[in-house]
Amino acid sequence: MTPTHLPGRVAIPALPTVLDAFNIAPADEARALLLTCLRSLRWADRITAHRPYPDAPALLAASDEAAYDLTPGDLSEALAGETLTTLPDETYDIAHMALDAAHAAYEAKFGHAFVICLEGLKPDEALDHVLAGIRSRLTNDPEEERVVAAEELRRLAKGRLVDALRGAGNCATSHDGVAPGTQPHTPPH
């Protein structure tokens, strides 16, 4: 942290940023934060081990690199930590039923929750995007879908990490079942 010099005043140290706090946090705390972004111990350990990061772009690049290097086992671990996409409360019941059926078909075929990054979409576009994504990806074979799911996880992790650096934590899916900043939708199982 560089001191800020004000004319005619004493130099005061700059306030620490979220990235500064992440860089100096104990490893278990940094890992815990990272696991809220992506439920892969290897990914979290790798990013934690390479601290400190000089800036947010360096941290995000490390996140991408670590996500690209996920083994099939790491990917399975991360996918197991994901839950169903949430919908706004005002979504019609029929839409919830359609989404529940689509999720059930996806999980039956691939054995894990459907993951999709909704970054940049308006809330009223999310349902159509999710349904179209599930329908399209149901035509994939399992290996092809693992590649697509891995890319979606990488995008989700990066977005969640950006939000964590901002102190927000808004993400499309959440290990706890409700993405912060969204309304809960608990599909029947």
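Guide: Start with C117, which is buried, at a relative accessible area of 6%. The model is predicted: local features need pLDDT of at least 70, side-chain atom pairs count only at pLDDT 80 or more, and totals for chains, interfaces and linings use all residues. Residues are numbered from 1 along each chain as its sequence is written, and side-chain values use heavy atoms, with hydrogens and water left out.

Visitor: Why is C117 called buried?

Guide: Buried means under 20% relative accessible area, exposed means over 50%, and partly exposed lies in between (1.4 Å probe, protein chains only). C117 has 6%, so the word is buried. C37 has 1%, so C37 is buried as well.

Visitor: How many disulfides does the structure hold?

Guide: The structure holds 0. A disulfide is a pair of cysteine sulfur atoms within 2.5 Å.

Visitor: What makes R42 and D74 a salt bridge?

Guide: A salt bridge needs a side-chain nitrogen of Lys or Arg within 4 Å of a carboxyl oxygen of Asp or Glu. The closest N and O atoms of R42 and D74 are 2.9 Å apart, so the pair qualifies. This pair links distant parts of the chain: R42 is in helix α3 (residues 41–49), D74 is in helix α5, and they are 32 residues apart. Helices are DSSP runs (H or I, at least four residues), as are strands (E, at least two), numbered from the N terminus.

Visitor: Are R42 and D74 buried or partly exposed?

Guide: R42 has a relative accessible area of 39%, so R42 is partly exposed. D74 has 10%, so D74 is buried.

Visitor: Why do such side chains pair at all?

Guide: Side chains of opposite charge can pair when their charged atoms come close.

Visitor: How do you know that R154 and D64 form a salt bridge?

Guide: Their N to O distance is 2.7 Å, so they pass the test. R154 sits in helix α8 and D64 in helix α4, 90 residues apart. R154 is buried at 11%. D64 is buried at 12%. D64, E151, R154 and K158 are linked in a network of salt bridges.

Visitor: Where do R155 and E152 lie?

Guide: Both lie in helix α8, 3 residues apart, about one turn of the helix. R155 forms a salt bridge with E152, with the closest N and O atoms 3.5 Å apart. A search of the whole structure finds 11 salt bridges.

Visitor: Which residues does H112 touch?

Guide: H112 touches L79, Y106, E107 and A149, leaving aside residues up to four places away in sequence. Contact means heavy atoms within 4.5 Å. H112 is in the loop between α6 (93–110) and α7 (123–137). Its relative accessibility is 9%, so H112 is buried.

Visitor: What lines the second largest pocket?

Guide: Its lining includes A67, Y68, P72, E151 and R154. α8 gives the most, with 6 residues. By class, the lining has 7 nonpolar, 1 polar and 4 charged residues.

Visitor: Which helices each supply at least two residues of that lining?

Guide: They are α4 (56–68), α5 (72–80) and α8 (142–166).

How values were computed. On a 1 Å grid over the protein atoms alone, a cavity is a set of points where a 1.4 Å probe fits but cannot get out, and a pocket is an open set with protein on both sides within 12 Å along at least five of seven lines; lining residues have an atom within 4 Å of a point. Ala, Val, Leu, Ile, Met, Phe, Trp, Tyr, Cys and Pro count as nonpolar, Asp, Glu, Lys and Arg as charged, and the others, Gly among them, as polar.
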